[in-house]
Amino acid sequence: MRSLVLIGHGSHLNPESAAAVYRYAELLRSRHLFDEVVEGYWKEEPSLRQVLRTCAYTDVTVIPMFISEGYFTETVIPRELGLGHQGPVPREGVARTIGGRTLRYTLPYGVHPRMSEVILERAREVLPDASGEDTALVVIGHGTTRNENSNKVVYQNAELIRQQGLFAEVHALFLDEEPKAADWRERVQARRVVMVPFFASEGWHTLETIPEDLELRGEVTHFSDPAQTVYYARPVGTHPAVADVIVQLAEEARGASERGGDRDPEHRAAWEAFLRRADLGLRMGEILIAPHGSLFEVRHALDEGRASETLTTLVTPEGLREHTRLSETGEHRPVHTLRNLRRGWRAVLNRTDLIRAVHILYPAVVEESHACSGHTLRSTPWATTARRQTGIYAKVQRATPAQVETVARDVCGACLKTRVWAGHRLNQTFMDGVPGAIPCAEACTFLIAEVREEVSGKRGQKAAAHD
């Protein structure tokens with residue numbers, strides 16, 4: 001039995017940042033190649049620190065859903081997963097035993113040799129008759145001065161395509177380093193130009209930065225003096241063929257076993273305890289779960305007593321996720337236990353789908369609450385979390401206890417969880433019949449980001465600007 005974990009970056013601000021990882025997870029689940037497919041994120045939930053706890057099996061393969069090697073794949077993800085590895089990942093990946101699980105960590109999918117084929121597929125979508133006589137291909141990467149590996153894969157793919165002679169010109173250009181994508185007209189001579197963003201997902205860069213910097217107006221943009229037409233493709237990371245790349249990476253991972261692992265006993269015990277509670281009816285955070293024969297109804301607790309016909313009925317976990325990923329006011333919900341769950345819906349689900357739905361609504365809450373009730377949940381004090389931060393977040397190490405508490409009053413005060421990482425006591429959880437009792441074992445990345453703003457003096461400035 002095998003768990004496949006797809007790790008994305010996620011965002012505290014952009015609800016579309018995680019969309020590509022969601023789609024690939026659903027596609028791979030439909031293929032039934034793995035016993036489960038789980039998503040985890042750096043800036044959303046389940047977080048990198050939680051995601052292994054949500055895996056049902058002891059054989060776990062982790063695929064970084066990133067377009068290139070760099071800071072996140074070589075530093076952040078290995079650190080947060082506790083891999084004990086930093087730096088470039090070998091071609092065969094890294095294998096470790098962590099907490100009774102066999103964990104294999106691979107290279108990011110974007111460096112796989114088949115990605116040049118995906119670039120060409122994206123190019124053909126916007127310009128099917130691309131010609132080696134009058135068409136240039138521009139592969140646009142992000143680029144960064146923090147890690148020299150970041151641009152390497154863009155150059156490699158551009159060279160592989162150049163050798164095939166399919167285009168009159170092939171260029172690798174970047175947003176944040178030379179050669180700059182914004183200067184493309186100084187470099188590209190061809191009359192027709194296909195631009196393919198080498199990015200993992202649709203987001204701020206592909207939807208805003210690139211079109212603005214390059215003065216693009218939709219899929220096709222005409223320029224004069226000299227006359228050139230640009231065909232702007234969708235990012236390579238959202239192409240369905242990436243799912244095949246993911247499968248191949250998992251199969252090639254070091255120590256891959258045909259037999260797989262076993263059911264993780266702690267995970268099994270947590271969900272068995274949860275289902276016993278659900279069979280009797282259960283309130284969990286902001287939701288109510290009520291049994292109805294072989295099905296369960298889930299709804300917002302504040303909608304208790306409302307007639308079913310006045311609520312939007314949802315019948316799949318994925319439908320529930322799409323309906324609740326934004327708040328009532330349209331705000332992104334990167335932390336799912338913030339008290340802003342949308343109202344006005346009911347989900348009618350079978351037993352299997354209930355598990356998926358609860359995982360979507362409150363990732364890792366069942367597993368961590370069960371561990372807390374059994375007094376086996378390990379909390380991580382703020383000082384330890386702060387010391388682990390690197391890059392732009394390293395400055396949170398300078399935060400005073402008063403600054404952390406000031407931020408926590410705002411951020412954590414709006415959350416359902418109890419800060420056991422800050423020494424707050426939680427003797428019972430919702431698993432013991434106390435609806436709002438949910439443990440928080442470690443400061444989330446949302447709080448870390450806000451503490452960084454506080455230390456930088458920017459948080460007060462934002463508040464003043466808002467006022």
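This is a predicted model: local features need pLDDT of at least 70, side-chain atom pairs count only at pLDDT 80 or more; totals for chains, interfaces and linings use all residues.
Student: Is strand β1 mostly enclosed or open, and why?
Tutor: Strand β1, residues 3-8, is largely enclosed by the rest of the structure, because 6 of its 6 residues are buried.

Student: Which residues point which way from β1?
Tutor: Ser 3, Val 5 and Ile 7 point one way, while Leu 4, Leu 6 and Gly 8 point the other way. In a regular strand the side chains alternate between the two faces of the sheet.

Student: And how many bridges join β1 to β3?
Tutor: There are 5 bridges between β1 and strand β3 (residues 59-64), and the two strands run parallel. Within this pairing, Val 5 stands opposite Val 62.

Student: What about β1 and β2?
Tutor: Strand β2 (residues 36-41) pairs with β1 over 6 bridges, in the parallel sense. Here Ser 3 stands opposite Glu 36. Between β1 and β2 the chain passes through helix α1 (residues 19-31), and this β-α-β crossover is right-handed.

Student: Which residue does a cis bond join to Pro 226?
Tutor: That residue is Asp 225, and omega is about 0°. Asp 225 is in the loop between β9 and β10, and its phi is positive, near 55°. Most residues other than glycine have a negative phi, and most peptide bonds are trans.

Student: Is Asp 225 buried or exposed?
Tutor: Asp 225 is exposed, with a relative accessible area of 75%.

Note on methods: Residues are numbered from 1 along each chain as its sequence is written. Side-chain values use heavy atoms; hydrogens and water are left out. Buried means under 20% relative accessible area, exposed over 50%, partly exposed in between (1.4 Å probe, protein chains only). Helices (H or I, at least four residues) and strands (E, at least two) are DSSP runs, numbered from the N terminus. Two strands pair if DSSP finds at least two bridges between them. A crossover is right-handed if, with the strands pointing away from the viewer, the path from the first strand over the helix to the second runs clockwise.
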